[in-house]
Amino acid sequence: MEHQILIETEVDGVEDFAAALREVIPAALAAEGVGLPCEVDVLFTDDDGIHQINREQREVDRATDVLSFPMFEFTPGEPPTAEDTDLLDPGSGLLPLGDMVLSVDHIRAQAAEFGHSERRELCYLAVHSVLHLLGYDHLDEGPMKRRMRAREEAILGTLGITR
């Protein structure tokens, strides 16, 4: 299935990150069983940029690693299917899934903190964000969070991206 990953950047040096996203986002959508071609808009920024977006959009006054802004409210584990053509943008024929904002500063810092590659951290955050766009959440510390974490690890495992 042909998905469109639109990438904008406010920071330099993210060419390898952009290439990784063009692989991992479609893989996450496939792993979740999405049955429609999707559009995902991605913005690479720094901690100042994501802090400003977080404050303006969520009223949270701090930087973070990734923000997800879904276009639709899906139920986790119940992705859009080929029958959901009413969700497609008539102009593009794509499902506008939503927006993902990634802090390159956080990606680099967390990779160092957790002792793995920047690519692994980026891919983890991208899968995490795709799951948010598909209705998953982790507001509780219970079953919702465990389910989301299990899906993240399963998807990354199919891509050979391990800790």
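Reader: Leaving aside its neighbours within four places in sequence, which residues is aspartate 84 in contact with?

Author: Happy to start there. Contact means heavy atoms within 4.5 Å, and on that basis aspartate 84 touches Leu36 and Pro79. Before we go on, please note that this is a predicted model: local features need pLDDT of at least 70, side-chain atom pairs count only at pLDDT 80 or more, and totals for chains, interfaces and linings use all residues. Residues are numbered from 1 along each chain as its sequence is written, and side-chain values use heavy atoms, with hydrogens and water left out.

Reader: Where is aspartate 84 found, and is it buried or exposed, or partly exposed?

Author: Helices (H or I, at least four residues) and strands (E, at least two) are DSSP runs, numbered from the N terminus. Aspartate 84 sits in the loop between β3 (66-70) and β4 (95-103). For accessibility, buried means under 20% relative accessible area, exposed over 50%, and partly exposed in between (1.4 Å probe, protein chains only). Aspartate 84 counts as partly exposed because its relative accessibility is 25%.

Reader: What does the side chain of aspartate 84 reach?

Author: A polar contact is a pair of N or O atoms within 3.5 Å; within protein, one must be able to donate a hydrogen and the other to accept it, and residues adjacent in sequence count only if both atoms are side-chain atoms. Here, the aspartate 84 side chain reaches the backbone nitrogen of threonine 81 at 2.8 Å. With a relative accessible area of 13%, histidine 3 is buried. Its contacts beyond four places in sequence are Pro26, Leu29, Leu36, Pro37 and Cys38.

Reader: How do I read a helix, and which residues are buried in α3?

Author: An α-helix has 3.6 residues a turn, so residues three or four places apart point the same way. In α3 (residues 104-114), the buried residues are Val104, His106, Ile107, Gln110 and Ala111. They lie on the same side of α3, because they cover an arc of only 155 degrees around the axis (taken from the directions from the helix axis to the C-beta atoms). The face turned away from that buried side carries the exposed residues Ala112 and Glu113.

Reader: What do the buried residues of α3 pack against?

Author: Their partners are α1 (15-31), β2 (38-45), α2 (47-58), β4 and α4 (118-133). Take valine 104, which is buried at 2% relative accessibility: leaving aside neighbours within four places, it is in contact with Val11, Val14, Phe17, Phe44 and Thr45. Histidine 106 is buried as well, at 19%, and its contacts beyond four places are Asp47, Ala63, Thr64 and Asp65.

Reader: How many residues line the largest pocket, and which lie nearest its centre?

Author: On a 1 Å grid over the protein atoms alone, a pocket is an open set of points where a 1.4 Å probe fits, with protein on both sides within 12 Å along at least five of seven lines; lining residues have an atom within 4 Å of a point. The largest pocket is lined by 20 residues, with Arg58, Ser68, His132, Asp137 and His138 nearest its centre. The elements that give two or more residues to this lining are β3 and α4, and the largest share, five residues, comes from β3.
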